[in-house]
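Visitor: I would like to learn how to read the features of a model like this one. Where should we begin?

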Amino acid sequence: MKRFQELSKEFSVYFNKKHFPDQPETLYGAASYMLEDGGKRIRPVLCLLGNELFGPLRTDSWKIGMALELFHNFTLIHDDIMDRAPLRRGRPTVHAKYNESTALLAGDVMLLQSYEYLNDTDPDYAQILIRLLNKTGREVCEGQQLDMDFENIASISPAQYMHMIELKTAVFLAASLQMGALVGGASAKDQEHIYLFGRNLGLAFQVQDDWLDSFGDPAQFGKQKGGDIISNKKTFLLVNALTRAGREEQESIRRLLEGNDPEKVAHMIEIYRRSGIGEAAQAAKKNYMDEAYAHLGRIPVPPGNKTALIELAGYLLEREA
């Protein structure tokens, strides 16, 4: 069994190839530019780990990994356009460097190329993989739309929020694991367990990400402290504070959301502290991880086969900054 870090490095080398033709240079240059800065390559590595859980790594898992990484970057290009984001990973976004129309087309060719890689896998399961990616892609779009819809709704329930991040974030991680498991020869039941492991891992990861925005060390986290608070973004902390805090605290939150208090971040974090929302987020993260590990535990493979997945979960979640 290979470790997460080892597979991540190997996949980065494998992925560092020419994915597109030379012409038109503007179109394919924009697509290649998006891929230059790397990223964590988490989804392809999840696919490889899903394969390794059940059997030796097969060539098709690397092809699926390339499809997943291209699909992921396609969604990022479109997300950046919708968010009007000027930077990603410290570099100009594709639409900022080129233009919005070219960025849209660059995302589209990434999507199409991802299907080419899936079509090149074993015919015994190529269509299953394509259907799973289609299902996942629709769910990601649904999650993104809900996220945008929630911007115009004063208050949503914690259940609504978790459903949104399940669609927007968790299902893609889950599907990546399932695709690798399928190639590795997993049964339908074991594919379900590995999918649910990934789903709960994704939910825990997003809750942790929300917590870090308010309580993490920005020097290590790599983001502005309270960035979500400044933008009034719906997060686990905000949604639960509006639901669980006392009436006086809720009124204070609403005033902060509607006003321009220069100390907005500090005041909101203090409300979270008094209301125990930070602790609630950590408890929720633990519950999702316990559920994830429960599903992993039900898969009848040697315990050593699960080590890399447990290490990955730790890499994603056992961080305080």
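## Reading the model

Guide: With a cysteine. Cys47 has a relative accessibility of 0%, so the residue counts as buried. Keep in mind throughout that this is a predicted model.

Visitor: Is Cys141 buried or exposed?

Guide: Cys141 is exposed, its relative accessible area being 54%. The cut-off for that label is over 50%.

Visitor: How many disulfides does the structure hold?

Guide: The count is zero.

Visitor: Next, salt bridges. How many are there?

Guide: The general idea is a side-chain nitrogen of Lys or Arg within 4 Å of a carboxyl oxygen of Asp or Glu. In this structure there are 16 salt bridges. One of them joins the side chains of Glu69 and Arg41, with 2.7 Å from N to O. Glu69 belongs to helix 4 (residues 59-83), while Arg41 sits in the loop between helix 2 (25-36) and helix 3 (42-54), so this pair ties together parts 28 residues apart in sequence.

Visitor: Are Glu69 and Arg41 buried or exposed?

Guide: Both Glu69 and Arg41 are buried.

Visitor: What separates Asp60 and Lys63 along helix 4?

Guide: Asp60 and Lys63 are three residues apart in helix 4, which means about one helical turn lies between them. They form a salt bridge whose closest N and O atoms are 3.8 Å apart. Asp60 has 9% relative accessibility and so counts as buried. Lys63 is buried too, with a relative accessible area of 17%.

Visitor: Which side chain meets that of Arg84 in a salt bridge?

Guide: That of Glu100, at 3.7 Å from N to O. Arg84 lies in the loop between helix 4 and strand 1 (87-88), and Glu100 in helix 6 (residues 100-119), so the bridge ties together parts that are 16 residues apart in sequence. Arg84 is exposed, with a relative accessible area of 57%. Glu100, at 36% relative accessibility, counts as partly exposed.

Visitor: Which residues do salt bridges with shared partners join into one network?

Guide: Asp60, Lys63 and Asp120.

Visitor: How does one check the length of a helix, and what span should helix 4 have?

Guide: Compare an expected span with the distance between the end C-alpha atoms. At 1.5 Å a residue, the 25 residues of helix 4 should span 36 Å, and its end C-alpha atoms are 36 Å apart, so the two agree. The expected span takes 1.5 Å times one less than the number of residues.

Visitor: How many residues of helix 4 are buried?

Guide: 22 of its 25 residues are buried, so helix 4 is largely enclosed by the rest of the structure.

Visitor: What does the backbone do just after helix 4?

Guide: There, Arg84 takes a positive phi of about 55 degrees. This is the Arg84 whose side chain meets that of Glu100 in a salt bridge.

Visitor: Finally, pockets. How much space lies in the second largest pocket?

Guide: A pocket can be read by its volume, its lining and the elements that supply that lining. The second largest pocket holds about 180 Å³ of space. Its lining includes Ser12, Phe15, His19, Ser32, Glu36 and Arg41. By class, the lining has three nonpolar, four polar and four charged residues.

Visitor: Which helix gives the largest share of that lining?

Guide: Helix 2, with three residues. Helix 1 (4-15) and helix 2 each supply at least two residues.

Notes
Residues are numbered from 1 along each chain as its sequence is written. This is a predicted model: local features need pLDDT of at least 70, side-chain atom pairs count only at pLDDT 80 or more; totals for chains, interfaces and linings use all residues. Side-chain values use heavy atoms; hydrogens and water are left out. Helices (H or I, at least four residues) and strands (E, at least two) are DSSP runs, numbered from the N terminus. Buried means under 20% relative accessible area, exposed over 50%, partly exposed in between (1.4 Å probe, protein chains only). On a 1 Å grid over the protein atoms alone, a cavity is a set of points where a 1.4 Å probe fits but cannot get out, and a pocket is an open set with protein on both sides within 12 Å along at least five of seven lines; lining residues have an atom within 4 Å of a point. Grid points are joined across faces, edges and corners, and a volume is the space filled by probe spheres set on the points. Ala, Val, Leu, Ile, Met, Phe, Trp, Tyr, Cys and Pro count as nonpolar, Asp, Glu, Lys and Arg as charged, and the others, Gly among them, as polar. A disulfide is a pair of cysteine sulfur atoms within 2.5 Å.
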